[in-house]
Amino acid sequence: MGLYQRCRRLRFPGLYACGLHTATVPTPPHWLVERLGHFEELWTAQVKRLASMAQKEQRTIKISLPGGQKVDAVAWKTTPYQLAQQISSNLADTAVAAQVNGEPYDLERPLETDSDLRFLTFDSAQGKAVFWHSSTHVLGAAAEQLLGAVLCQGPSTECGFYHDFFLGKGRTIKGSELPVLERICQELAAAAQPFRRLEASRAQLRQLFKDNPFKLRLIEEKVTGPTATVYGCGMLVDLCRGPHLRHTGQIGGLKLLSNSSSVWRFPGAPETLQRVSGISFPTAEELRAWEEWKEEAESRDHRRIGKEQELFFFHELSPGSCFFLPRGTRVYNALVAFIRAEYTRRDFSEVKTPTLFSSKLWELSGHWEHYREDMFALQPPGPDRPCSSQSEHSARHPADTLALKPMNCPAHCLMFAHRPRSWRELPLRLADFGALHRAEASGSLGGLTRLRCFQQDDAHIFCAPDQLEAEIQGCLDFLRSVYTILGFSFHMALSTRPSGFLGEPCLWDQAEQVLQQALEEFGAPWDLNPGDGAFYGPKIDVHVRDALGRPHQCGTIQLDFQLPLRFDLQYKGQSGALERPVLIHRAVLGSVERMLGVLAESCGGKWPLWLSPFQVVVIPVGMEQEEYAREAQQSLRAAGLVGDLDADSGLTLSRRIRRAQLAHYNFQFVVGQREQSKRTVNIRTRDNRRLGERDLAEAIQRLLELQDTRVPNAEEIF
Ligand SMILES: [Zn+2]
Ligand SMILES: [Zn+2]
């Protein structure tokens with residue numbers, strides 16, 4: 001029997017029709033009742049089994065609590081929740097799950113052996129995952145009861161959760177059904193139904209989920225041991241590893257956000273599933289605060305700001321590449337100029353390298369083997385007779401496939417190797433803003449976040465092993481100065497060798513130690529991500545937080561032991577012998593395009609003066625001052641500032657001032673008769689502060705100072 005027929009048999013046509021008009025949980029279909037009955041039987045047996053095990057063993061176990069304190073507990077009886085209560089009622093109330101010997105664990109699940117116990121709250125990423133994962137069960141239960149849905153899978157995501165389910169062939173969920181579904185979810189949450197963890201054998205699992213072809217498939221594919229866990233919660237019984245909240249009442253605020261379709265990808269006929277996504281919080285207040293935050297974030301979407309401020313656009317004739325309009329280019333160039341100024345100060349040498357390289361280079365660098373799918377490759381025109389097919393071409397010209405560079409490192413290695421090098425030249429810091437191309441899938445493209453063509457503030461440092469630590473510290477200092485100017489706080493993570501790393505373990509040891517020491521001395525907070533490094537070397541990833549507190553991964557510092565080997569890079573050491581340099585890849589902004597998007601959202605289109613494409617607008621009071629206003633505009637432009645003119649005599653002065661402020665011009669220079677005769681300007685800021693009358697030349701001078709020092713608040717300190 002196909003999935004479709006099976007599911008149609010399950011559906012309860014009358015159920016959702018009547019359910020739509022009422023928010024009370026409808027009478028459940030009979031198969032839900034049947035499944036629950038079966039669960040209850042197994043549950044009762046498990047409760048008895050556990051009680052007798054606790055009784056029989058009477059075993060005391062040692063539990064080490066978060067503060068380091070050790071307490072006694074009874075095996076198969078004491079739960080993490082009971083211990084949380086002993087610590088504090090606040091902890092017991094806010095804990096969402098436990099962590100036992102590092103593994104996530106239900107708060108109500110009895111402890112079995114000596115354990116190191118921790119508690120997860122909503123504040124941590126792991127706690128949020130448990131919270132949202134539990135919430136998606138509530139959504140699943142509501143979908144079963146209201147829509148007769150056949151549940152598929154419902155994971156937590158980085159920001160919330162979703163649930164995929166099947167409603168029958170051709171039946172899709174409508175946006176108008178979400179509010180009803182949401183109200184049922186809220187009712188189920190308010191009912192504070194406990195999550196009950198049950199261990200079941202494969203045979204019991206198959207019996208429990210006999211009416212759900214998706215779960216049966218998952219049992220076949222995913223359950224490898226003799227048993228697996230299912231969780232009961234209200235009417236819902238679901239196959240799940242857990243852990244979950246103690247009960248649904250811990251969900252104080254829940255909102256469903258969107259509906260779409262998705263595809264069930266197991267072999268056989270793909271089924272179109274319905275996907276509903278949502279988010280939830282421990283309290284209704286937190287949900288409200290999130291909604292406000294989200295509204296603010298949406299109003300700051302960089303694609304919207306890019307359109308409104310005429311910074312950039314996209315065109316279907318060049319998918320995934322951005323057209324920067326004059327104002328956007330101004331911001332772009334200001335960012336690049338900022339980094340260039342830092343390069344001069346920090347002794348980096350800027351270079352330019354080709355975009356198109358023979359596949360031989362990519363074979364040497366290893367990209368052809370590991371990264372080919374993500375590269376744009378092309379064939380040069382054939383000599384005499386054109387090749388009729390790709391395979392004929394490869395046969396006739398095996399070596400002349402060309403590819404657009406996805407990164408600059410191999411080119412910089414060629415540059416290092418193009419003549420003999422001496423230790424006196426090290427460290428050699430090569431910086432390159434060259435355009436990079438990556439074959440991103442069309443579905444993943446969106447705004448400036450992911451592009452097929454972009455530039456990075458990319459640099460590669462070739463240094464002697466004993467220069468490594470100083471170079472890493474230099475990189476960290478570089479990051480700090482740039483992010484401070486951009487107004488970002490940042491956090492670093494050191495990723496160490498993964499399984500399958502290449503190179504000498506002792507080299508890795510040394511390098512990891514150097515990175516760790518550099519981080520310690522730098523003094524900013526950092527985390528250790530063991531096993532998360534690249535196969536070619538350990539790395540420091542830098543996450544910045546923008547003005548809305550959103551994280552972005554921008555900068556990176558990566559050591560590379562492999563490329564110097566692959567390119568056989570050498571320099572003449574102090575002793576005269578040839579030595580191998582160490583390579584550091586590093587970027588601060590990362591993709592300049594992406595950083596421009598992040599900054600647009602972070603400032604909400606109110607650019608700081610030094611980046612601003614709207615620095616000054618000159619506004620003449622009347623027609624008689626237009627000529628002087630034009631002169632003032634010319635002086636601004638001659639000084640290299642953005643000077644616009646609003647001489648629209650159809651609008652009153654106050655309307656034009658208002659218009660300039662809405663466009664976020666940092667400053668407005670208003671010129672009337674008096675200003676004209678004295679060659680002054682009357683200055684206002686975009687926050688409508690009146691700075692009064694200033695000499696035009698002096699005002700321009702002051703703007704240049706503020707621009708050059710890249711202050712974030714030029715309007716306040718003018
Ligand atoms: Zn679950
Ligand atoms: Zn690189």
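Let's start with His-664. His-664 sits in the loop between helix H22, residues 653-662, and strand S32, residues 667-671. Look at its backbone. Phi is positive, about 65°, although the residue is not a glycine. Keep in mind that this is a predicted model.

There is another case like that. Asp-568 is not a glycine either, and its phi is positive, about 45°. Where is Asp-568? In the loop between helix H19, residues 562-566, and strand S27, residues 571-572. Its relative accessibility is 45%, so Asp-568 counts as partly exposed.

Staying with the backbone: cis peptide bonds. One joins Gly-242 and Pro-243, with omega at about -5°. Pro-243 belongs to the loop between strand S11, 236-239, and strand S12, 253-264. Another cis bond joins Leu-426 and Pro-427, and omega there is about -5°. Pro-427 is in the loop that runs between helix H16, 409-417, and strand S20, 428-432.

One more proline. Pro-213 is part of helix H9, residues 213-222. Pro-213 is buried, at 13% relative accessible area.

Now the metal. Which residues coordinate the zinc ion, ligand 2? Cys-409 through SG, His-460 through NE2 and His-585 through ND1, at 2.0 to 2.4 Å. Along the chain, the donors follow the spacing C-x50-H-x124-H. His-460 is in strand S22, 453-463, and His-585 is in strand S29, 582-591, so this pair ties together parts 125 residues apart in sequence. Are these two histidines buried or exposed? His-460 is buried, with 0% relative accessible area. His-585 is at 9%, and buried means under 20%, so His-585 counts as buried too.

Last topic, a helix pair. Helix H21 is residues 626-638, and helix H24 is residues 696-708. They pack at about 30°, with axes 10 Å apart. Angles under 35 degrees count as roughly parallel, so that is the label for H21 and H24. The crossing of H21 past H24 is right-handed. Who makes the contact? From H21, Tyr-628, Ala-632, Ser-635 and Leu-636. From H24, Leu-696, Ile-700 and Leu-703. How do these residues divide by type? There are 6 nonpolar, 1 polar and no charged.

To recap the zinc site: Cys-409, His-460 and His-585 are the coordinating residues. And for the helices: H21 is roughly parallel to H24, with a contact that holds no charged residues.

Conventions. Residues numbered from 1 in each chain as written. Chains lettered and ligands numbered in written order. Predicted model: local features only at pLDDT ≥ 70, side-chain atom pairs only at ≥ 80, totals over all residues. Heavy atoms only, no water. Axes fitted to C-alpha atoms, helices over the stretch in contact; angles between N-to-C directions. Helix = DSSP H or I, 4+ residues; strand = E, 2+ residues; numbered from the N terminus. Parallel < 35°, antiparallel > 145°, perpendicular 65-115°, else oblique. Left-handed = near helix turned anticlockwise from the far one by under 90°. Contact = heavy atoms within 4.5 Å. Nonpolar A, V, L, I, M, F, W, Y, C, P; charged D, E, K, R; others polar. Donors = N, O, S within 2.8 Å, 3.2 Å for Na, K, Ca; no water. Buried < 20%, exposed > 50% of the residue type's maximum accessible area, 1.4 Å probe, protein only.
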